[in-house]
Amino acid sequence: MSDPTWPVELPPAARIGISGGPQSNAVSFQPEVGPSIDRRRASTVVRKYQVELPPMESAAYDVFMAFFNDTLASGILPFQWYDPFTRSVRRFKFVHNDPVYSEQALRSGLYVISFELMRLD
């Protein structure tokens, strides 16, 4: 079974406010004497992205919430999405915190949702 994909009803990655990049994959220990002891944390570099979706109406908000809650089991399952930095489809997973909703946007009748993703490959 393949991972679900980002819903076509939601903006693609190219139209989303997104920032982030690779996390440090090095760990160092400084002994009492001599140079530091350095090693890699993992065999692959983890990339985290902070994402903010553009303002959306309630129909698109409902699509996002169904995708997050139902398709991804409250955000714990991975999904396929276009990575705007590598320009290729990759596996992502929500970082374990619920998406944040902008109160200012809610007053205008539009929803702005932000969240953090981790790229898995």
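Are tryptophan 6 and phenylalanine 64 buried or exposed? Tryptophan 6 is buried, and phenylalanine 64 is buried as well, where buried stands for a relative accessible area under 20%, exposed for over 50%, and partly exposed for what lies in between, computed with a 1.4 Å probe on protein chains only. The model is a predicted one, in which local features need pLDDT of at least 70 and side-chain atom pairs count only at pLDDT 80 or more, while totals for chains, interfaces and linings use all residues. Residues are numbered from 1 along each chain as its sequence is written, and side-chain values rest on heavy atoms, with hydrogens and water left out.

The confidence of the predictor in each residue is expressed as pLDDT, on a scale from 0 to 100. Its mean over the protein is 81, with 79% of the residues at 70 or more; among the elements, the lowest mean, 56, belongs to β1 and the highest, 92, to α1. Where pLDDT is low, the predicted coordinates should not be read in detail.

The protein has two helices and eight strands, arranged along the sequence in the pattern β-β-β-β-α-β-β-β-α-β; these elements are DSSP runs, numbered from the N terminus, with helices (H or I) of at least four residues and strands (E) of at least two. Of the 121 residues in the protein, 31% are buried. If contact is taken as heavy atoms within 4.5 Å, then among contacts between residues at least 6 apart in sequence, 63% join residues at least 24 apart. The protein exposes about 7600 Å², of which carbon and sulfur atoms supply 53%, the areas coming from the Shrake-Rupley method with a 1.4 Å probe.

The aromatic residues can be taken next. A search of the whole structure finds 17 aromatic pairs, a pair being two rings of Phe, Tyr or Trp (its six-membered ring) with centres within 6.5 Å, called stacked if the planes are under 30 degrees apart, edge-to-face if over 60, and tilted for the rest. For tryptophan 6 and phenylalanine 64 the ring centres are 6.5 Å apart and the planes stand at 65 degrees, so this pair is edge-to-face. Because tryptophan 6 lies in the segment before β1 (17–22) and phenylalanine 64 in helix α1 (residues 58–71), the pair ties together parts that are 58 residues apart in sequence. Both residues also belong to one aromatic cluster, whose members include Tyr49, Phe79, Trp81 and Phe115.

Leucine 117 touches, among others, Tyr49, Val51, Phe79, Trp81, Phe92 and Phe94, not counting residues up to four places away in sequence.

Serine 114 lies in strand β8 (residues 113–119) and is buried, with a relative accessible area of 17%. Leaving aside residues up to four places away in sequence, serine 114 touches Gln50, Val51, Glu52, Pro99 and Val100.

The loop between α1 and β5 holds alanine 73 and also serine 74. Alanine 73, although not a glycine, has a positive phi of about 50 degrees, and serine 74 has a positive phi near 60 degrees. Alanine 73 counts as partly exposed at 32% relative accessibility, and serine 74 counts as partly exposed at 45%.
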